[in-house]
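Have the viewer open while you read.

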Amino acid sequence: MDRAVIVGTFEFIGFSLCKHLLEQGCEIDGIHYNKEKEDALINEKRLAIGRNANFYEKNYSSWINSKREIVKNDVIFIDIYDLYIKNELASLREKELIEEFLIKNLDEFKDLQVKIAFLLPIQWLKDISRTHSRLEDAIDILRENNISVSCFYLPVIYGPWQPKEFSFHQALANIKRVKINEREWIHDAIFIEDLICFLSNCSDKLLGESCLLMSSVTGHWQKCADYLSLDYNNNWDSPDLAKGKVIEKAIVCSVKYSEGLEKQRSHILSIEIPDGL
């Protein structure tokens with residue numbers, strides 16, 4: 001892959017993917033969501049990227065309302081997962097994304113053989129007819145027009161840059177009262193570096209599939225929670241998912257969960273944490 005567009009380039013997964021692809025020599029259009037409250041660590045993330053001639057940062061509002069350059073064989077990643085976790089889905093401006101980008105550029109996507117990958121919360125598999133059916137309808141339209149659209153449904157992702165909404169981050173940052181967010185999927189977890197390697201490796205051969213990504217380690221989230229001495233309900237049952245509509249793919253864990261958590265702890269200690277984070 002020579003070029004990618006990452007919508008949500010300063011979100012947890014979007015940023016980790018952006019940094020990895022830049023290190024691989026890929027050219028990146030990094031689209032930064034507009035939010036009422038700016039990410040307190042955004043300047044740290046800009047410093048982590050550095051002055052890279054292959055990185056072009058763009059404001060989401062300006063990008064979605066302007067004539068965008070779409071290049072042959074572009075891979076477009078749209079990080080919705082992080083907005084869901086932080087309860088910031090309004091920043092996506094779903095109607096505009098669908099009408100002004102996905103549908104409006106349908107012919108161009110087809111002619112230029114563009115591939116699109118959505119990074120989604122696993123919770124969205126609980127009810128395929130949920131309130132976000134407009135996005136599902138748009139994906140169906142793109143696929144009907146032979147455009148490669150992949151959907152990756154993700155459990156808890158942890159590691160460096162994980163946001164404060166996650167209980168792992170809170171425990172590692174020594175926050176006195178750790179709260180397990182109702183949007184945190186406590187039935188599985190994947191280390192960020194393993195997820196990014198998977199996404200990077202499959203980006204050139206995206207087949208337009210819908211995939212539920214799972215850890216190769218059974219009870220991964222619970223193992224992490226026990227390591228951090230988190231208090232959680234052992235009897236929480238895993239909700240039924242619409243698994244018949246997706247392909248299940250196991251992500252091989254390259255490091256022991258404790259090592260991944262310690263990497264996250266070291267990263268937290270290495271950066272200046274703003275108040276309230």
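Predicted model: local features only at pLDDT ≥ 70, side-chain atom pairs only at ≥ 80, totals over all residues.

Residues are numbered from 1 along each chain as its sequence is written, and side-chain values use heavy atoms, with hydrogens and water left out.

**The chain overall**

The protein chain has 11 helices and 10 strands. Both are DSSP runs numbered from the N terminus: H or I over at least four residues for helices, E over at least two for strands. Of its 277 residues, 54% count as buried; buried means under 20% relative accessible area, exposed over 50%, and partly exposed in between, with a 1.4 Å probe and protein chains only. Take the contacts with a separation of 6 or more: 83% of them join residues 24 or more positions apart. Contact here means heavy atoms within 4.5 Å.

In soluble globular proteins, nonpolar side chains tend to be buried together. In this model the largest nonpolar core has 95 residues, and I13, I78, L102, I116, F118 and F152 have the most contacts inside it. Helix α1 (residues 12-23) gives the most to this core, with seven residues. A nonpolar core is a set of buried Ala, Val, Leu, Ile, Met, Phe, Trp, Tyr and Cys residues joined through side-chain atoms within 4.5 Å.

Setting aside neighbours within four places in sequence, I116 is in contact with I76, I78, L102, F109, L142, S148, V149 and S150.

How is α1 placed relative to the rest of the structure? With 10 of its 12 residues buried, α1 is largely enclosed by the rest of the structure. The buried ones are F12, I13, G14, F15, S16, L17, C18, H20, L21 and L22. From first C-alpha to last, α1 reaches 17 Å, close to the 16 Å expected at 1.5 Å a residue; that expected span is 1.5 Å times one less than the number of residues. Just after α1, G25 takes a positive phi of about 90°.

T9 counts as buried, at 0% relative accessibility. Not counting residues up to four places away in sequence, T9 touches G14, F15, C18, G30, I31, H32 and F55.

V7 sits in strand β1 and also has 0% relative accessibility, so it counts as buried. Leaving out neighbours within four places in sequence, V7 is in contact with I31, Y33, Y60, W63, F77, I78 and D79. V7 and Y33 are 26 residues apart along the chain, with their C-alpha atoms separated by 7.5 Å.

**Two helix pairs**

Two packed helices are described by the angle between their axes and the distance between the axes. The axes are lines fitted to C-alpha atoms, for helices over the stretch in contact, and the angles run from 0 to 180 degrees between N-to-C directions.

| Pair | Angle | Axis distance |
|---|---|---|
| α1 and α2 (residues 42-49) | about 15° | 10 Å |
| α5 and α7 (residues 133-144) | about 10° | 10 Å |

**Loop residues to check**

Most residues other than glycine have a negative phi, and most peptide bonds are trans. R93 has a positive phi near 50°; R93 lies in the loop between α4 (81-85) and α5 (94-103) and is partly exposed, at 23%. Phi of Q113 is positive as well, near 55°. Q113 is in the loop between α6 (106-111) and β5 (115-121), and its 47% relative accessibility makes it partly exposed.

Buried or exposed: which is W185? W185 counts as buried, at 6% relative accessibility, and lies in the loop between α8 (167-172) and β8 (189-191).
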